[in-house]
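Here is a short report on a protein model. Look at the sequence and structure first, then read on.

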2 protein chains.
Amino acid sequence: MTTRKEVADRAGVSIAVVSYVLNDSNYVKEETRRKVLQAIEELGYETNMAARALKMRKTEQLAVLINHMGNPHEAGLLLRIEEHAAKHNYMLFFQTFQKEKESKLKALLNGRVDGIFLLGQSLQEDTLHHFRKQNIPIVSVTTPVTRTEDVTCIDLDWTFEYARLIRLLKAKGHKRIAFMAIRDPEHPLQHRLGAFRRAMETERLQLEENDVFYADEGGLQSAYDKIKPSLSSPDRYTAIVSANDLMAAGIVAACRDRAVHIPNELAVAGSEDILMSSQTAPPMTVIHYPREKVGEIAMEVMLAKMQKRPAADRILQATLVERKSS
Amino acid sequence: MTTRKEVADRAGVSIAVVSYVLNDSNYVKEETRRKVLQAIEELGYETNMAARALKMRKTEQLAVLINHMGNPHEAGLLLRIEEHAAKHNYMLFFQTFQKEKESKLKALLNGRVDGIFLLGQSLQEDTLHHFRKQNIPIVSVTTPVTRTEDVTCIDLDWTFEYARLIRLLKAKGHKRIAFMAIRDPEHPLQHRLGAFRRAMETERLQLEENDVFYADEGGLQSAYDKIKPSLSSPDRYTAIVSANDLMAAGIVAACRDRAVHIPNELAVAGSEDILMSSQTAPPMTVIHYPREKVGEIAMEVMLAKMQKRPAADRILQATLVERKSS
DNA sequence: CTGTTAGCGCATTCAA
DNA sequence: TTGAATGCGCTAACAG
């Protein structure tokens, strides 16, 4: 490995000068600079980021804790965040994160990251406290079940978005609308269920308790399993909204297998607009979650917090994409 | 931030002892150990990974260079690799990687990673040389266009896999089979085109040059755009295989819009088996790429290389999933 | 069994 | 405009 010392020797200067040249942190005579640059070139020298991180107390690395990378929505979000992080020269770690791992988290991230993104996670108070003490900002993309002051959130106004979707369905004559939620009370998708309830109220529709389905997890299969039995009942909801698109796709699949016609017998809608949603049969009506924008804002907020600038929660606007499933 | 020094002071020992306790690297009297552990607990001390990395010349961080995170196949692969990396206490960076960034790569990764995974990339010789000098092993999941000795590859025997798929199609009466490839000659999917050519030969079928379509990139839309015009021609191939599933989905979408019946008028098959492929109309026949296994093996090979154990290229077996599109 | 000490590669203060 | 020297937090060789 080439070190600054070797570069300095070859250029006939001290290591400090090499540092000055590299970081533009001090005036260096043009000729000296040239010599140093040349030595760097010849030796193929590159700064050792570990050493720099130790000295600077800054790693330029960020962590993304992700719930379920199998979900293209979250994968897409991750991708967008990375895109913007890269622009600011931050490297991104990602970790699929289960609660069991939380205790190890502090050890794993200590001295490794300058900030943490949460993609569908909530952390426990003592974990939060630890990162607060270390001055590691936390930005959450999704509203966690329990809010904490140091976690800044980027999310949609789900009540507003669902209300708009409900109006669309109402306009087509639907009165009894079901919702596909998720069982785990800690799961961040719970927030969307709450929002849906409020939206139904706003739109003066009754959300009956047995019109809320609780899948075991957010995947396609779990929604398929949960919805399929209910599809044979004669008296039922005429539309269903799903807390995420993967589960909505599961509903579409169940309808196909039960020969329930979409949208004539049942209208289906999703909440994220992943690519798959445009390819199901029929293509799905969805709330288009602005992943691109959210990624950008998330990084923006993260930068602000790292620089100790104030950073408030951000609510973004989605759009409604009407396709054949409604 | 709590340091080892503070822990040592509180426990009334030297920092070395704290190190010994933490790393189990030296015998410590039970009572002393207890005191140290308690001090650590009380202070909420965690090891600073940056300092450790500097000292040990080992970061326990790995990079994944990924071509197109928008592709669920690659996202899935990333997920699997992360899963296995985590088991061995490695953190994973990922970077969506474009050629323009290659020059910056060395600077970005220097001192940050112990190894690099390539997901559909080829690096230039001087980049490879740099990492070779630093003893940073490189493992590629996909066969790059130009092979290099220090890059170990994990891939399928695509010729074998495509031959099996071709036999399936042949058994259903197909003789003229087209292929959806990708234009960029540097793109790793070129390898699959070459394999398909050989497989056709093996199966004694003629692959006509204008039955090979070259999409501009590997996405759904690009395949859709490329295939759509050709669907109206009366005399044409009766089956098409796509180098990846996203493009196969694009073909299915084009057939839908052109009212070409699948599989009666055209059989379609993909090469990876992403979730979406089971939800298109009709669901697609695909080669099931064993992402789980590949992730495991990739990490295994990486560990071997990091420990300077010999590590040969690995060829894994896929399975054929027959669905309604063929 | 425990303490002292010498770096790892870098940024930076202080002198020159 | 440049150099010498210090220390970031950690590991491990060596001495006791």
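## A covered helix

In helix α11 of chain A, the buried residues are Asp245(A), Leu246(A), Met247(A), Ala248(A), Ala249(A), Gly250(A), Ile251(A), Val252(A), Ala253(A), Ala254(A) and Cys255(A). Buried means under 20% relative accessible area, exposed means over 50%, and partly exposed lies in between (1.4 Å probe, protein chains only). That makes 11 of the 14 residues of α11(A), so the helix is mostly covered. Helices (H or I, at least four residues) and strands (E, at least two) are DSSP runs, numbered from the N terminus.

How far apart are the end C-alpha atoms of α11(A)? They are 20 Å apart, and this agrees with the 20 Å that its 14 residues, 245-258, should span at 1.5 Å a residue. The expected span is 1.5 Å times one less than the number of residues. Asn244(A) caps the N-terminal end: a side-chain oxygen lies 3.3 Å from the backbone nitrogen of Leu246(A). Just after the helix, Ala259(A) takes a positive phi of about 55°.

## How the model is read

This is a predicted model: local features need pLDDT of at least 70, side-chain atom pairs count only at pLDDT 80 or more, and totals for chains, interfaces and linings use all residues. Residues are numbered from 1 along each chain as its sequence is written, chains are lettered from A and ligands numbered from 1 in the order in which they are written, and side-chain values use heavy atoms, with hydrogens and water left out.

## Two helices that cross

Two packed helices are described by the angle between their axes and the distance between the axes. Helix α4 (residues 49-56) of chain A and helix α4 (residues 49-56) of chain B have axes that come within 8 Å and cross at roughly 140°. Axes are lines fitted to C-alpha atoms, for helices over the stretch in contact, and angles run from 0 to 180 degrees between N-to-C directions.

α4(A) and α4(B) are therefore oblique to each other. Angles under 35 degrees count as roughly parallel, over 145 as roughly antiparallel, 65 to 115 as roughly perpendicular and the rest as oblique. Ala50(A), Ala51(A), Ala53(A) and Leu54(A) meet Ala50(B), Ala51(B), Ala53(B) and Leu54(B) in this contact. Contact means heavy atoms within 4.5 Å.

Ser326(A) sits in the segment after β12 (319-321) of chain A. Is it buried or exposed? At 11% relative accessibility, Ser326(A) counts as buried. Its side chain makes a polar contact with the side chain of Thr285(A), at 2.8 Å. A polar contact is a pair of N or O atoms within 3.5 Å; within protein, one must be able to donate a hydrogen and the other to accept it, and residues adjacent in sequence count only if both atoms are side-chain atoms.

Met284(B) lies in the loop between β9 (267-270) and β10 (285-288) of chain B. Met284(B) is buried, with a relative accessible area of 0%. Thr32(A), in helix α3 (residues 30-43) of chain A, is buried at 16%. Not counting residues up to four places away in sequence, Thr32(A) touches Val13(A) and Val17(A).

Most residues other than glycine have a negative phi, and most peptide bonds are trans. A cis peptide bond joins Ile262(A) and Pro263(A), with omega about 5°. Another cis bond runs from Ala281(A) to Pro282(A), with omega near -5°.

In chain B, Arg57(B) has a positive phi near 55°. Arg57(B) is exposed, with a relative accessible area of 62%.
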